[in-house]
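Hi,

Here is the structure I said I would pass on. Have a look at it first, and then read my notes below.

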Amino acid sequence: MHKSLVTNLISVLILLVGFVTANDWLLMVGLFALSGALTNWLALHMLFEKVPGLVGSGVVPARFEDFKNAIRDLMMQQFFTQENIDRFIRQSAKPSLHLAPVIEKVDLTLAYDRLVDVIMASSFGSMLGMFGGKEALTPLKEPFVTHMKSALIEITERESFAQLLQQQVDQPDVMAEIRQQIETIIEARLAELTPKMVKDMVQQMIHQHLGWLVVWGGVFGGLIGLVAQGLMQV
């Protein structure tokens, strides 16, 4: 946010200086820089906020259910498979289960790809294509994986989670029952999420790591303005 604000202020300052001094070079550089910076800032803003009249804005809150379903599918299909549950049961005689090492080793690329697919499949995807498409979201991957692993570790380290697994070990149809109970826990936790919570989480990561889009939008916009003025002088 600070990078975006500074970039826009510098662009406005150059534009004003060019206007006051009647310097066409500064005027064009400031105008194009402000245009590039504002356009990129608006693109980031539209990911999270619904802008009246702009179709595709507010895509993250609008696709909230898809995001929750992707998290649930990831956990059930990668973490709590029959093989993993069987391994947990064999270790159930131990005082406690420590799944953090397992979670740390799991590749969460699929979860990140699901999030990117949700964004790109929306009407906002075509606009994002002007700024590099999926590649523009690449800086999100590392912080997304870090936050997701931290959340998963927190869930599996809760006492209620360990107690649930322990209680189910000696009962019939252990595999199916445990998977159902785990899915219930996950559903309950995801039900606590609100569109605002998901929006704030993703928004924090994007503003922190994609603020440079606004900076470079201003820089390249200024360069285009400089070239345009030069061509006008020829």
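Before anything else, a word you will need: a residue is called buried when its relative accessible area is under 20%, exposed when it is over 50%, and partly exposed in between (1.4 Å probe, protein chains only). Those accessible areas come from the Shrake-Rupley method with a 1.4 Å probe, and for residues only the protein chains shown count as cover.

With that in hand, take helix H4. Its buried residues are Phe64, Phe67, Lys68, Ala70, Ile71, Arg72, Leu74, Met75, Met76 and Phe79. By a helix I mean a DSSP run of H or I with at least four residues, while a strand is a run of E with at least two, and both are numbered from the N terminus. H4 is 16 residues long and covers 22 Å from its first C-alpha to its last, close to the expected 22 Å at 1.5 Å a residue. The expected span is 1.5 Å times one less than the number of residues.

Two things about where this comes from. It is a predicted model, so local features need pLDDT of at least 70 and side-chain atom pairs count only at pLDDT 80 or more, whereas totals for chains, interfaces and linings use all residues. Residues are numbered from 1 along each chain as its sequence is written, and side-chain values use heavy atoms, with hydrogens and water left out.

**The whole protein**

What is it built from? The protein has 13 helices and zero strands. Of its 234 residues, 42% count as buried. The protein exposes about 13100 Å², and carbon and sulfur atoms supply 62% of that. A contact here means heavy atoms within 4.5 Å. Among contacts between residues at least 6 apart in sequence, 72% join residues at least 24 apart.

**The start and the end of the chain**

Now find helix H13 (residues 212–233). The 22 residues of H13 should span 32 Å at 1.5 Å a residue, and its end C-alpha atoms are 31 Å apart, which agrees. Its buried residues include Gly217, Gly218, Gly221, Gly222 and Gly225. Which helices do the buried residues of H13 pack against? They pack against H1 and H2.

Leaving out residues up to four places away in sequence, Val214 touches Ser4, Thr7, Asn8, Ala37, Asn40, Trp41 and Leu44. Val214 and Ala37 are 177 residues apart along the chain, yet their C-alpha atoms are separated by 4.8 Å.

Setting aside neighbours within four places, Ser11 is in contact with Gly30, Ala33 and Leu34.

Ala22 lies in the loop between H1 and H2 (24–48). Is Ala22 buried or exposed? It counts as exposed, at 61% relative accessibility. Ala22 also has a positive phi of about 55 degrees although it is not a glycine. Most residues other than glycine have a negative phi.

**The largest pocket**

A pocket is found on a 1 Å grid over the protein atoms alone: it is an open set of points where a 1.4 Å probe fits, with protein on both sides within 12 Å along at least five of seven lines, and lining residues have an atom within 4 Å of a point. Grid points are joined across faces, edges and corners, and the volume is the space filled by probe spheres set on the points.

The largest pocket holds about 410 Å³ of space. It is lined by 18 residues, and those closest to its centre are Ala151, Ile155, Arg189, Leu193 and Met201. The elements giving two or more residues to the lining are H4 (64–79), H9 (141–156), H11 (174–191) and H12 (195–209). H9 gives the most, with seven residues.The lining divides into 13 nonpolar, two polar and three charged residues. Here Ala, Val, Leu, Ile, Met, Phe, Trp, Tyr, Cys and Pro count as nonpolar, Asp, Glu, Lys and Arg as charged, and the others, Gly among them, as polar.

Cheers
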